[in-house]
Amino acid sequence: MVQIRRAIIWQLGGLLVVGGALFFLSRLFPVVDTLAEVQQHVMRWGAWSAIWYPLLYAGCNVLLLPGGVLSVGAGFFFGLWWGFLVALVGNVSGAAISFFISRSIGRQWLRRKLMRNGTLVALEPAIEKEGWKIILLSQLHPLFPTSLLNYLYGLTKIRFRTCMLWVAIGQAPGLFLYSYLGTLGQLGLNLARGKSHPRAIEYWVWLGGFASAAIVLIILGKIALRLLKQAQDEAVNSKPSRIADLEVAPQPIYLAPHEK
């Protein structure tokens, strides 16, 4: 539980440090004007920006690059709801590509690589047994490398559409939080440029909404961690009995890859 809070605090703390650094640099350099120009340049692309941005996000996902900055950027460039949608489409697209690569192109090579990780080895039988539940919980968990897990899903028997559905649902809370933070950055930019003059109550609403989203994510992470441990223990405990049944049966039986 402490690790979940620590992971989220580190991520949010890093973003706050970046925000503070930008504020400090804005005193020395025209950072605000530069950010405004970048935002306007992206918006001038019109519909193309909503096409290329998810593709960029998907590429980072497939290459196992951090996508947090892009999630925040989605909220900054497109606003809360459109930014959340753009980030979600990019994330699911990247997951779909990784799943396809793992299941068809690089199956054997990826299996040798991924099975060196103890956490992934423990997760595989749980995914085989529990299916969508483990996908949802592992995507909700802030400590799990979700981009890497997308490759692991392709090595299991889970159906593609089932996997993508629960990847999208599991990623939604975290992406919403990042998009919300990006929207706050957009509002801060408007404040710095004198284009917005909110009342005091609006500041409390913005910060309260962000704090509520962060608390919900922490709670979901705690629940996910507890249920993941239970599912892993059940899958591991049931595996010996399955192997014993296979040894008794004389007829040929198909063994799943993780049971060979």
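**Aromatic pairs, helix packing and buried cores**

Tyr53, Phe76, Phe77 and Phe78 are linked into a cluster by ring pairs. Here, rings of Phe, Tyr and Trp (its six-membered ring) pair if their centres lie within 6.5 Å, with planes under 30 degrees apart counted as stacked, over 60 as edge-to-face and the rest as tilted. The model is a predicted one, in which local features need pLDDT of at least 70 and side-chain atom pairs count only at pLDDT 80 or more, while totals for chains, interfaces and linings use all residues. Residues are numbered from 1 along each chain as its sequence is written, and side-chain values use heavy atoms, with hydrogens and water left out.

As for the overall layout, the chain has 11 helices and zero strands; both are DSSP runs numbered from the N terminus (helices H or I, at least four residues; strands E, at least two). Written out along the sequence, the pattern is α-α-α-α-α-α-α-α-α-α-α. Of the 260 residues in the chain, 43% are buried, where buried means under 20% relative accessible area, exposed means over 50% and partly exposed is in between (1.4 Å probe, protein chains only). Taking contacts between residues at least 6 apart in sequence, 81% join residues at least 24 apart; a contact means heavy atoms within 4.5 Å.

Next comes the pairing of H3 and H4. Helix H3 (residues 47–62) packs with helix H4 (residues 68–78) at an angle of about 170°, and their axes are 10 Å apart. The axes are lines fitted to C-alpha atoms, for helices over the stretch in contact, and the angles run from 0 to 180 degrees between N-to-C directions. That angle makes H3 roughly antiparallel to H4, given that angles under 35 degrees count as roughly parallel, over 145 as roughly antiparallel, 65 to 115 as roughly perpendicular and the rest as oblique. On the H3 side, the contact is made by Ser49, Ala50, Tyr53, Leu56, Tyr57 and Cys60, and on the H4 side by Val69, Leu70, Ser71, Gly73, Ala74, Phe77 and Phe78. Sorted by class, the contact has 10 nonpolar, three polar and no charged residues; Ala, Val, Leu, Ile, Met, Phe, Trp, Tyr, Cys and Pro count as nonpolar, Asp, Glu, Lys and Arg as charged, and the others, Gly among them, as polar.

H4 itself is mostly covered, with nine of its 11 residues buried. Among them are Val72, Gly75 and Phe76. Beyond its neighbours within four places in sequence, asparagine 61 is in contact with Asn91, Gly94, Ala95, Ser98, Ser147 and Asn150. The C-alpha atoms of asparagine 61 and serine 98 are 8.2 Å apart, although the two residues are separated by 37 residues along the chain.

Back to the rings: the whole structure holds eight aromatic pairs. In one of them, tryptophan 81 and phenylalanine 176 have ring centres 5.4 Å apart and planes at 50°, so the pair is tilted. Tryptophan 81 belongs to helix H5 (residues 80–105) and phenylalanine 176 to helix H10 (residues 160–192), so this pair ties together parts 95 residues apart in sequence. Tryptophan 81 counts as exposed at 59% relative accessibility, whereas phenylalanine 176, at 21%, counts as partly exposed. Tryptophan 132 and tryptophan 166 make a stacked pair, 4.4 Å centre to centre with 25° between the planes. With tryptophan 132 in helix H8 (residues 132–140) and tryptophan 166 in H10, the pair ties together parts 34 residues apart in sequence.

Then there are the nonpolar cores, meaning sets of buried Ala, Val, Leu, Ile, Met, Phe, Trp, Tyr and Cys residues joined through side-chain atoms within 4.5 Å. The largest has 46 residues, and Leu152, Tyr153 and Cys163 have the most contacts inside it. A second, separate core of 13 residues includes Leu177, Trp206, Phe210 and Ala213. Helix H9 (residues 146–155) contains leucine 149, which is buried at 0% relative accessibility. Not counting residues up to four places away in sequence, leucine 149 touches Leu120, Leu123, Ser138 and Phe144. Threonine 146, also found in H9, is buried at 18%.
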